[in-house]
Every structure is written in C-alpha cells, then in structure tokens.
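I wrote down each pair together with where its residues sit.

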Protein chains: 2
Amino acid sequence: MDWVLIKDVKDYNDREVTLKGWVYNKRSSGKIWFLILRDGTGIIQGVVLKNEVSEEVFNIKDELTQESSVIVKGLIHADRRSPGGYEIVVRDIKVVQIATDYPIALKDHGVEFLMDNRHLWLRSRKQWAILRIRHTVYYAITEYLNNNGFIRFDSPLLTPNACEGTTTLFTVPYFDLGNAYLSQSGQLYLEAGIMSLGRVYDFGPVFRAEKSKTRKHLTEFWMMDAEAAYVEHDENLKIQEELIRFVIRSVLEKNATELEVLERDIEQLKKADAPFKRMTHKEAIEYLRSRGSDISDKSDLGAKDEVMLTEGSDVPVFIEKWPKEIKAFYMKRDKDNPDLVLGADLIAPEGFGEIIGGSQREDDHDLLYQRMVAEDMPLDEYQWFLDLRKYGSVPHSGFGVGLERLVQWMSGVEQIRESIPFARTIYRLRP
Amino acid sequence: MDWVLIKDVKDYNDREVTLKGWVYNKRSSGKIWFLILRDGTGIIQGVVLKNEVSEEVFNIKDELTQESSVIVKGLIHADRRSPGGYEIVVRDIKVVQIATDYPIALKDHGVEFLMDNRHLWLRSRKQWAILRIRHTVYYAITEYLNNNGFIRFDSPLLTPNACEGTTTLFTVPYFDLGNAYLSQSGQLYLEAGIMSLGRVYDFGPVFRAEKSKTRKHLTEFWMMDAEAAYVEHDENLKIQEELIRFVIRSVLEKNATELEVLERDIEQLKKADAPFKRMTHKEAIEYLRSRGSDISDKSDLGAKDEVMLTEGSDVPVFIEKWPKEIKAFYMKRDKDNPDLVLGADLIAPEGFGEIIGGSQREDDHDLLYQRMVAEDMPLDEYQWFLDLRKYGSVPHSGFGVGLERLVQWMSGVEQIRESIPFARTIYRLRP
C-alpha cells in the first residue's frame, strides 16, 4: 500500500504521507484554508497554506465540493487542538472526481428521502458512527462466545419448517421439493449442534414477514442464537449477563469517537455494566398493575410495559418464569410450578426494549412429543428434533440476541432502520 | 459453572472435577475398564478401577451404550500415553440418559442415510473436526480483515435485483412490492459501503438456485465479500494472498488435533503458505493446450482445467486478466488491453478448485452505464449503483471467498456437503 489510512497517522508524526479519501468540508480564511478529509477509517484536518503550495493547489478550494474524491500529500503534524490530535500540512492535492450536486446536503431531509438514498446517506457522520459500533457489537459477542468454549455453527436459512409460528414466514419455492421457508431462528438446529460440539452459536440474518406490523419493524435482521449442553436456567442467565456486559465494555473501549459523534450519554452505558435485575413474570404483572395497568395474568408484555418495567433502572432487567401458554412448546417447565416455563426475556434500560429471549429447553422426549401433538405440529418434519431427546438427551439452554436492538441501545439511536446497512421493511426493499 | 470442560482439564491436574458429556466408546479388561468420554470441547479417557468405585458404578459399563449421556466425577491425571495428555481416574458416574439403538454405529453407512441423519452424523469424530476447522477458518478471515482496517457491513439478502445473472435466483414473494430475490453476493452493496467506511466486508449465506447442477452443489453457502476504496488490481491480489496465507497458518496453529482426526497431510498445507503463482488467462489457455486440451481462447475454465492448472503446484494460482466477454459487467478493463478485465480467480492446489473470485471495479460512470445498457440491465434498479460513480467515485477492488471451499481444502474433505452443518442441495432441504 503506497498510502496511509487516517486511523494510522499517529504512527507517521512529522513524516510525509499520502492520504486518499473524500472531502467532508472546507473552510477558508485568506492565505490559509482547511480541508476536512475523511477516508472511512477516520477524519483529519488538512491545512493549506498559500505560500507552501502551488497556486494551482491553493486554488483547488474553489472547485472542491462535498464528497469529491481527492488524494492529499503532506506532512503529519501532532496538534492537540485538532480533532483526533493530528493534522496534515498539505503539499499537494490531486482531484480524483468532483462530486456535482450531491443530493444529501447538510440541511435536514425527510426520512423517506434519506432511505431512498441510503446508498449515499451511509456516508454521513452519524451513520458512519452507528455502523462502526455495529461492527464492535458483532465482534464483542463472538469474542465473548469464542472465549467461553462456544463454536460457530451456521444454521441453514432455507428450512422446511417453522421454529415459531407459521403466519410470519417468507416462502421460497424450492425445486421439486415444494416450499422452503426463510428461517426465523436457528435454535432447533443448534440443539443438534450441541450434541456434537457442546456449545454452539449461529449469527446471521433471520426473517419475519410480519404483515400486520409497521415500517418500524425490520423483515430481515441479524440474530445470534447460542445453545449450550448441560447448562440450566440460572447458568443460562449468567452467560447472557456476562455477554451483554462484555459488549458494553467493548463499545465504551473501542468507540469513544463514535459515541461522541452520536452524542451518546456514556454514563448510562457505564452504569448498565453492573449486576442485572431479575423479576418473575408474575412480579412484573403485579408491578405493572401497581402502576395502574389493567394487564391480565397470562399476558405477554408489550413495548409500553417493557418501558415501565425498566423505568428508573440503570441495568437491564430479566423477566423470567413465564406462563406456559404464552411461550414456545420447547421451553422446559419449572419443576416448582409446571404452569411456568424456565424462559427469560432481557429488557434493556432507557426504553430500548427486549434484547434477548431465551430458555432452558425441554429435554424429555415424551413431554416434548405430547406438547407437539397438542399443538398439532407436523411430527414428521420434527422427527429429527425429537431424536435429540432419544440419543443421549441432556439438560440444555440457549438464547437469542437481536443485533440491531443491541446496536440501537449502544448507539442511543431511536430508529431501528439506522442500525443496519440496508433496512428491509414491509414497505421497503430498495435500494 | 460447577463442572469443567474437557478442553480445560490441563488446568486441573491432580484435582477432582466433574465432567459432563457423552459416551464415545468403552473398553473392558477385567478389574479395570475405560470410558472414552467426549463433551464437544474434547475427548478424554476415563479409568474405572474395580476397587476404587462402588460396585454399582463399576457395573455401569454393561449398561452404557454409544452416545449415552453421563456425568463423571474423578481425578485429573497427566498421562503422556493418553490422547490429549490427560486422563480422569473415575470416582463416580451418573447416567443422564441411556441411548438405545443409536442409528449411526461405527460401521459404514451410505451417504444418503448419513445425510438423512445429519442431526446425528454431526457427532462423529470426523464431522466434529470439520466443523471446528470451519470455525477457525471463519474467524481467521475476519481477524485478518479486522486487523487490516476492514469493517463488517452486512449486505441485505432480500434484494430487488440480481448481482450476477437472473436464471439462478430463488424468488420470494414480498408483500405488495412484487418479488424479492435471495442475494447471490453482497458486492454491489459493499461498493456503497466503502464510500462511507473505506474498507468493508460482509460474511453471510448466499444462494444459488442452480437447477442444472447436481447434488454436489450447495444452493445455500457462505461467502465473504470484501471491498476496498482506492485499492487497485495488484493490491487486491496482495490482500487476497495475505488473507489466505493467514487462514492456513491459523488452521495449522489451532486445529492440530482436528487435522490429525481427518488424517490431513499438513505438509501440503505448510507448503501452500508461500508466495502464490500468477498466470494470465491467456497463459492458462496456452498451458492447457500444451497439455492436449482443445479449449478455445475465450473459454471459462472448468473444474478439470483448474485441476490441470494447479497440478504440481504447492501454492494456489491466480488466473488474472480475463476476456471481457466471460466476466461480469462491473469489472474494470485493463488499460493495456481493453479486451481484458482486471479480474482474477484464485485456484487452490490439490484439486480443491476456485476459492476466490475478484476484480478491480469499473469506476467510470459513463463506461459502466454503456455496458449496462448493452447488457439490457434494468437501469432503474441500478440507479443507486451508478450514483456511486457520480459522487466522488474512486478506484476500488474487491473479492469473494467461498467459505465451504476453503474449509474443504483445509480439512482435505472431498465432499462439500460435509463442510457446512446442514447442506442444502437441489435434492435436499431436510433435516
């Protein structure tokens, strides 16, 4: 490589380098002008002095527009006043392309306009910051899992059956084999994986065709599903808590610049890295009622309920031990109360909603079989899943983390569509 | 966690621990018997001595079958003769479940039987080893990229258009927006990503509905696509070579046990970690003809050609500078010969075929536009892609790595279906 990335300029103090990037901004002041250059890895101020460059280079400033691509030569110079701590004293500027009429100016645009131009909107400082935080969150999750004995086990996306419900599936005609469906979760496959590898996870896109939902819901989003043999309910929550706290610390450590760009209140993130709260579903219902809700005993929790339950809490809250009627067939029953399942949802603070759903799984063949019959499931399709309870069944647990929700929380971003490069919703498939 | 994973027993020498896993095998010899226990993280020999355990525990051996789940207590003991260097002197065995009539015995089974029972076949030692190598390959790729300034940028899978051709697409009815198609490559989206982040990659499943192909071709497989701003053809090949050599070293370093299980010739892998060869497409055609082939000038290379081209080579071979007619519209032309494109395929040695395809991309708006018109592409759908050449266009390049092919090569496994947890082919969607 015959040029330097802006993230690396600290290694080139007082040396002449070439930078390659785009014009973010420029400011003029008589015999000096400033070029704000970005290259994707960072941003740096270029200082152009009239008597240190050719007239041609000095006058380029009149030509340069936002997003024009340029190659800049100059001397790296530590300067505490500069954002990033370094500037470049420019010797030469070569224009690669002048951008004419770039449609996203610094003024405000409507959301639909921005989403129609998502391929360009991505370049804005805020979107850049969110995507870099997404990178950190992704690898913090995998780093924690890899360090704790989990092996990546990519579940298939083309599946003959549905993990949770059948009304929200995307259908894919599949050769002579009828329809395939796009997976909503790799969990069932992971349960086969643990019998080989002990602890496994997948981390890929999943799909929900939620016809009743709004433009706020993604139809394609990223999910990490983890599953571990011999892990029971309490240990399952412990792993989740450690994982999320590791993610928080990683973002605080690696994304100080990005959090600043987003004006994220990092004190809130720091406070969330403390022991999480636990509450049973029953306690949650009682609390909501004490706050004036008329929610019934066996109700699922809505977005507003989740906000109320975490109000005033700096840390995420586990809601555990749910009524069996409102949770999936594969969840193990609580031995102290068989009307409850050993499932838990984890609700983020600051109103960011559910970030994890998980449970201990039913490991008894006959109990699982009976429930599948009761729910009228196609037993043929699930014979392989029942097999896992026949040949060396073990207690086991798992959970799923929604990547975009976690990115939203870390970034402090209100709209989920900004937490993924190209959001897909019921109304949007383009660009 | 109140038990120890087998991978960690080295930290517990001469200490009493609990292990939780499955019976892999057992051998008896009068007053002593041996339990081979696996827990997914490793395998260990348990020594059961008649006068050190209760009669009940000693007699469990008659009951235990392959794949039964058991919890074993005992003393970890370093023993150089043991596989893995440690054994456990058993104090107690608790049966979790006896596996009855486990269908996959140690005898040979046909491929279709094994694929029908993939959920169980995964447990076999060889499949376990391949999946662990897959984990290493995945993270070696991301580690190299992360260390070299690339940011993860997850491309959408639900797309309105096709990256390469339209005849091999899976179709997904998408609400009121007509059909969506499952992505074959995230490349075009990554080209938007580099304008924000400089260097990006995605790494997820992609889909090809190759109706004409056989059960040897996966319809769903994993691809890493990388893209970098300001990187031109030669630098593009350099990045690919460094990446692949890093993967080889990582597998050799982290998967010694797994490579041994697979009886992989590691000398071949070591030899492949050396400067790669380069050959133009023209030279390749000439070489094939010198070996008796009647291949024509503008031919693509088939599997047999690839084998011939790498025969006798210890290292992978780049085939570069292809006739423009047989490569995609977005590839940049060679300035020394506009009939050629600056694309390259990387062919693995030992007959493992193509592992990378890549190119420098056309960055000139008008040239790209003309080619899209000539190929009768729907310009409306690709306006956003053309936009990238209007607002600060830069030279850029990228490439795509097929994960399963790379896993096959590292593992030395002949069948691609064994390189992914649950293979999908034209004839198989289950389990």
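I began with B:Glu52 and B:Arg91, whose side chains meet in a salt bridge at 3.4 Å, N to O (a side-chain nitrogen of Lys or Arg within 4 Å of a carboxyl oxygen of Asp or Glu). The pair links distant parts of the chain, 39 residues apart, with B:Glu52 in the loop between β3 (43-49) and α1 (55-59) and B:Arg91 in strand β5 (residues 86-97) of chain B; helices (H or I, at least four residues) and strands (E, at least two) are DSSP runs, numbered from the N terminus. B:Glu52 is partly exposed at 43% relative accessible area, and B:Arg91 is partly exposed at 33% (buried is under 20%, exposed over 50%, partly exposed in between, with a 1.4 Å probe and protein chains only).

I noted that this is a predicted model, in which local features need pLDDT of at least 70 and side-chain atom pairs count only at pLDDT 80 or more, while totals for chains, interfaces and linings use all residues. Residues are numbered from 1 along each chain as its sequence is written, chains are lettered from A and ligands numbered from 1 in the order written, and side-chain values use heavy atoms, leaving out hydrogens and water.

Next I looked up A:Glu362, which forms a salt bridge with A:Lys332, the closest N and O atoms being 3.7 Å apart. This pair also links distant parts of its chain, 30 residues apart. A:Glu362 is buried at 1% relative accessible area, whereas A:Lys332 is partly exposed at 21%.

I then found a network of salt bridges linking A:Arg134, A:Glu404, B:Arg152 and B:Asp154, and recorded 73 salt bridges over all chains.
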